[in-house]
Protein chains: 6
Amino acid sequence: MHTETIYFEDYALDASRTTVGRTITETDFVVHAGHTGDFFPHHLDAEFCKTLPFGQRIAHGTMVFSIGIGLTASIINPVAFSYGYDKLRFIRPVFIGDTIKTRVTISDKYPDPKREGMGQVIERCEVINQKDETVLAADHILLVEMKESQG
Amino acid sequence: MHTETIYFEDYALDASRTTVGRTITETDFVVHAGHTGDFFPHHLDAEFCKTLPFGQRIAHGTMVFSIGIGLTASIINPVAFSYGYDKLRFIRPVFIGDTIKTRVTISDKYPDPKREGMGQVIERCEVINQKDETVLAADHILLVEMKESQG
Amino acid sequence: MHTETIYFEDYALDASRTTVGRTITETDFVVHAGHTGDFFPHHLDAEFCKTLPFGQRIAHGTMVFSIGIGLTASIINPVAFSYGYDKLRFIRPVFIGDTIKTRVTISDKYPDPKREGMGQVIERCEVINQKDETVLAADHILLVEMKESQG
Amino acid sequence: MHTETIYFEDYALDASRTTVGRTITETDFVVHAGHTGDFFPHHLDAEFCKTLPFGQRIAHGTMVFSIGIGLTASIINPVAFSYGYDKLRFIRPVFIGDTIKTRVTISDKYPDPKREGMGQVIERCEVINQKDETVLAADHILLVEMKESQG
Amino acid sequence: MHTETIYFEDYALDASRTTVGRTITETDFVVHAGHTGDFFPHHLDAEFCKTLPFGQRIAHGTMVFSIGIGLTASIINPVAFSYGYDKLRFIRPVFIGDTIKTRVTISDKYPDPKREGMGQVIERCEVINQKDETVLAADHILLVEMKESQG
Amino acid sequence: MHTETIYFEDYALDASRTTVGRTITETDFVVHAGHTGDFFPHHLDAEFCKTLPFGQRIAHGTMVFSIGIGLTASIINPVAFSYGYDKLRFIRPVFIGDTIKTRVTISDKYPDPKREGMGQVIERCEVINQKDETVLAADHILLVEMKESQG
């Protein structure tokens with residue numbers, strides 16, 4: 001983790017990076033249930049899950065999102081602010097023992113329609129498992145200062 | 001937590017429910033950092049935060065989302081599936097000691113354009129603090145079976 | 001979790017409910033040891049346990065109790081108070097990977113001998129594993145307001 | 001923690017020991033909720049608790065019990081087995097910041113009526129706060145081998 | 001855990017004790033990563049580790065040290081203070097499922113060169129796995145009061 | 001966190017970097033106790049600590065070490081291996097609410113006496129609090145491949 005100032009103008013369209021991987025463990029399932037209070041049997045009851053199509057416990061969507069985004073947390077950019085996410089989609093289930101990493105691609109950028117001197121940068125986030133399948137996708141909307149606004 | 005079968009036709013537009021509350025503690029900040037690997041000083045370094053506009057540590061957006069959604073996890077509907085979220089927005093910061101609850105409103109519903117016998121139900125989720133301010137909002141997209149598809 | 005006012009008169013003898021299930025994981029063993037400070041090798045040392053009759057790590061009694069009771073925490077009754085438990089018994093061991101649920105039966109009710117306008121309701125709690133064996137039992141004593149006391 | 005063989009005959013009536021103390025923190029509240037799934041607002045919602053008689057969050061009964069008993073886990077006695085607890089009572093609330101310790105007194109012992117060569121030893125467990133008030137009490141029933149059974 | 005006053009003069013050279021054992025679980029790996037913020041893939045990414053010589057995830061050195069030392073925490077000696085450690089060495093990897101215990105040997109003692117009335121006692125700490133291999137070693141330096149200083 | 005190959009020859013004597021900061025919370029105290037099993041009252045019993053010179057709970061030495069080192073975990077160097085630590089010293093207490101960061105300085109380097117093609121690089125690690133006081137210091141010994149060994 002380090003600090004690096006990156007202005008709106010500095011973001012290059014289509015630039016892409018992929019994080020290190022992390023194996024999702026049974027521990028993560030239990031920790032996320034306890035952290036959020038979501039103890040749905042789909043995530044925590046192995047016997048119940050044997051009766052479902054996937055046959056095993058599946059990860060909370062909010063966990064795959066939180067850990068997938070957490071994997072990207074490596075550069076502190078003091079001129080960028082997280083505005084939110086669009087098109088967050090749970091595409092495939094994540095099982096205990098799957099290993100995920102996140103690919104971040106600058107998919108769009110444009111001046112912010114309402115905030116002068118600011119732009120919006122879209123980071124397309126794709127969480128990928130060990131079979132190279134996308135399990136979750138979301139568009140992260142960053143509000144970023146423009147250089148000229150510094151003048 | 002209990003199981004209740006609710007078909008697409010059964011969701012009533014504008015129906016609304018509000019969860020119990022939960023105080024967000026310093027523990028939750030530390031647990032979320034450890035769970036996701038996001039140790040940004042905005043969330044964990046009280047000295048650094050004194051130099052920022054808010055003057056104190058602010059909650060991870062992914063945590064407010066995960067706990068806010070976790071608060072709603074009370075009814076297991078076997079004919080509904082979580083498809084994803086749209087328009088997830090971080091509206092106001094959440095500080096240590098704030099108490100949040102989530103208001104869920106059925107804001108829209110329509111037949112799924114691609115999946116016959118299924119509909120999409122939009123749950124507008126608003127996470128609200130103890131001052132009745134909305135701190136986070138998101139549209140939850142549920143895929144729900146239609147009754148007629150059961151015939 | 002929701003709020004529902006249930007007076008002493010409203011509890012029906014022999015009424016019974018069973019909770020959803022939860023698989024007890026190695027994580028729960030480690031979390032409970034760390035939470036309580038009980039690091040006895042019966043719970044945490046797989047090599048030592050190979051030398052014991054059961055041949056494997058067994059769950060802390062206090063954990064089966066705490067999780068078993070936690071599974072029942074779904075209705076907030078503002079006129080009921082937990083007084084304590086009688087006849088808490090550890091009947092069978094719980095192993096890593098077992099799935100438990102709790103059956104709650106109203107086994108007795110009577111006016112409280114000392115508190116006017118209050119009654120005692122006994123919830124017989126049985127924690128059951130995936131083989132339908134009772135692993136733990138306890139009688140929960142609830143102090144509940146009577147309706148007439150509201151007049 | 002050490003191992004020490006103590007037979008039924010070796011337990012001295014009225015012998016008493018008191019554990020070290022431990023301050024119950026907000027962290028313990030959050031960990032216990034997450035461990036057990038009991039997110040009742042009495043334990044976790046500071047705003048709700050302002051409307052209750054105690055005016056603040058109170059500890060889960062199962063937590064005071066589990067930590068109070070955990071404090072006593074220091075001697076591994078290979079000829080004793082935990083049978084259960086009687087008369088578990090929640091006597092006073094435990095608040096965030098209270099410091100508890102447990103006093104264990106051998107309050108009774110007698111031959112087991114059904115198991116030859118075994119006795120029952122009652123450990124009276126009292127969890128005490130920093131004001132020397134008893135907050136929880138329970139009678140721990142130990143099954144202990146008799147010496148003569150070793151002959 | 002109990003309190004016992006042991007003066008410098010009371011430590012016997014070559015005296016040795018071995019703690020109970022503890023199985024190191026995947027949970028411990030995840031907890032330690034979250035506690036320290038060290039999410040290196042050597043500890044958490046099972047796929048990456050398949051490409052390394054050991055072929056599997058290996059424990060953080062700081063975790064083996066912390067748990068190995070934690071196992072020795074059983075006697076509170078009010079006249080001894082932890083000064084630090086020398087020659088901390090990571091000798092063999094610890095894998096998920098290994099069981100460790102710690103052997104503590106008084107390997108040296110001498111008057112403290114700068115603090116009158118104090119001595120230094122060296123506790124040689126060896127963390128040993130289930131195959132009786134030493135996985136970590138360190139020399140713990142204790143500052144201990146001398147009896148004569150009490151005069 | 002990113003991967004960067006740095007050979008023995010590339011380490012520059014006296015080069016120094018300082019990590020981001022992290023506030024040590026009561027949660028960290030409780031988590032470390034539970035993770036290691038060290039529940040000494042010096043770390044967990046606020047009442048007991050009022051009777052000690054510092055007057056409040058002090059952090060486990062192994063925690064300050066583990067978190068202090070964890071803060072430095074940002075570059076994966078595939079040609080470096082952690083050999084151990086020398087001169088680990090607990091210099092000042094860390095209290096709840098203190099904020100620490102770690103300064104890493106390359107204080108020495110030399111060819112490894114026994115391993116051809118390898119060198120030892122000493123990273124002087126100093127954990128510093130919000131008052132710029134060093135609370136812990138240790139010399140990290142890295143085994144690093146030499147470039148010529150790659151020929």
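Residues are numbered from 1 along each chain as its sequence is written, and chains are lettered from A and ligands numbered from 1 in the order in which they are written. Because the model is predicted, local features need pLDDT of at least 70 and side-chain atom pairs count only at pLDDT 80 or more, while totals for chains, interfaces and linings use all residues, and side-chain values use heavy atoms, with hydrogens and water left out.**View 1. Chain A and its elements.** Chain A has four helices and eight strands, where helices (H or I, at least four residues) and strands (E, at least two) are DSSP runs, numbered from the N terminus. Read from the N terminus on, the elements of chain A follow the order β-β-β-α-α-α-α-β-β-β-β-β. The C-alpha trace of chain A spans about 60 × 30 × 25 Å along its principal axes.

View 1. Three cavities of 30 Å³ or more are found when the whole structure is searched, and the largest cavity has a volume of about 750 Å³. A cavity is here a set of points, on a 1 Å grid over the protein atoms alone, where a 1.4 Å probe fits but cannot get out, and its lining residues have an atom within 4 Å of a point. Grid points are joined across faces, edges and corners, and the volume is the space filled by probe spheres set on the points. The largest cavity is lined by 39 residues, of which A:Val31, B:Val31, D:Val31, E:Val31 and F:Val31 are the closest to its centre. Helix H1 (26-36) of each of chains A, B, C, D, E and F gives two or more residues to this lining. By residue class, the lining holds 12 nonpolar, 18 polar and nine charged residues, with Ala, Val, Leu, Ile, Met, Phe, Trp, Tyr, Cys and Pro counted as nonpolar, Asp, Glu, Lys and Arg as charged, and the others, Gly among them, as polar.

**View 2. The interface of chain C and chain D.** Here 35 residues of chain C are in contact with 35 residues of chain D, contact meaning heavy atoms within 4.5 Å. The area buried between the two chains is about 2,800 Å², and carbon and sulfur atoms give 64% of it; buried area is the accessible area (1.4 Å probe) that two parts lose on being put together, summed over both. C:His35, C:Phe40 and C:Arg89 supply 23% of the area that chain C buries against chain D, more than any other three residues. Between chain C and chain D there are 15 residue pairs in polar contact (both at pLDDT 80 or more), a polar contact being a pair of N or O atoms within 3.5 Å, of which, within protein, one must be able to donate a hydrogen and the other to accept it, while residues adjacent in sequence count only if both atoms are side-chain atoms. On the side of chain C that touches chain D, at least two residues each come from H1, helix H2 (41-44), helix H4 (61-70), strand E4 (75-76) and strand E5 (80-90) of chain C, and E5(C) makes the largest share with nine residues. The residues of this side divide into 18 nonpolar, 11 polar and six charged.

**View 3. Salt bridges between chain C and chain D.** Two salt bridges are counted between chain C and chain D, each defined as a side-chain nitrogen of Lys or Arg within 4 Å of a carboxyl oxygen of Asp or Glu. C:Asp86 forms a salt bridge with D:Arg89, with the closest N and O atoms 3.1 Å apart.

**View 4. The interface of chain B and chain A.** In this view 35 residues of chain B are in contact with 35 residues of chain A, and the two chains bury about 2,800 Å² between them, 64% of it on carbon and sulfur atoms. B:His35, B:Phe40 and B:Arg89 supply 23% of the area that chain B buries against chain A, more than any other three residues. Two salt bridges are found across this interface, and in a salt bridge the side chain of B:Asp86 meets that of A:Arg89 (3.1 Å, N to O).

**View 5. A salt bridge within chain B.** The structure holds 48 salt bridges over all chains, including one between B:Arg103 and B:Glu126, whose closest N and O atoms are 3.5 Å apart. B:Arg103 lies in strand E6 (residues 99-111) of chain B and B:Glu126 in strand E7 (residues 118-128) of chain B, so the pair ties together parts that are 23 residues apart in sequence.

Conventions. 1 Å grid on protein atoms, 1.4 Å probe; cavity = no way out; pocket = protein on both sides within 12 Å on 5 of 7 lines; lining within 4 Å.
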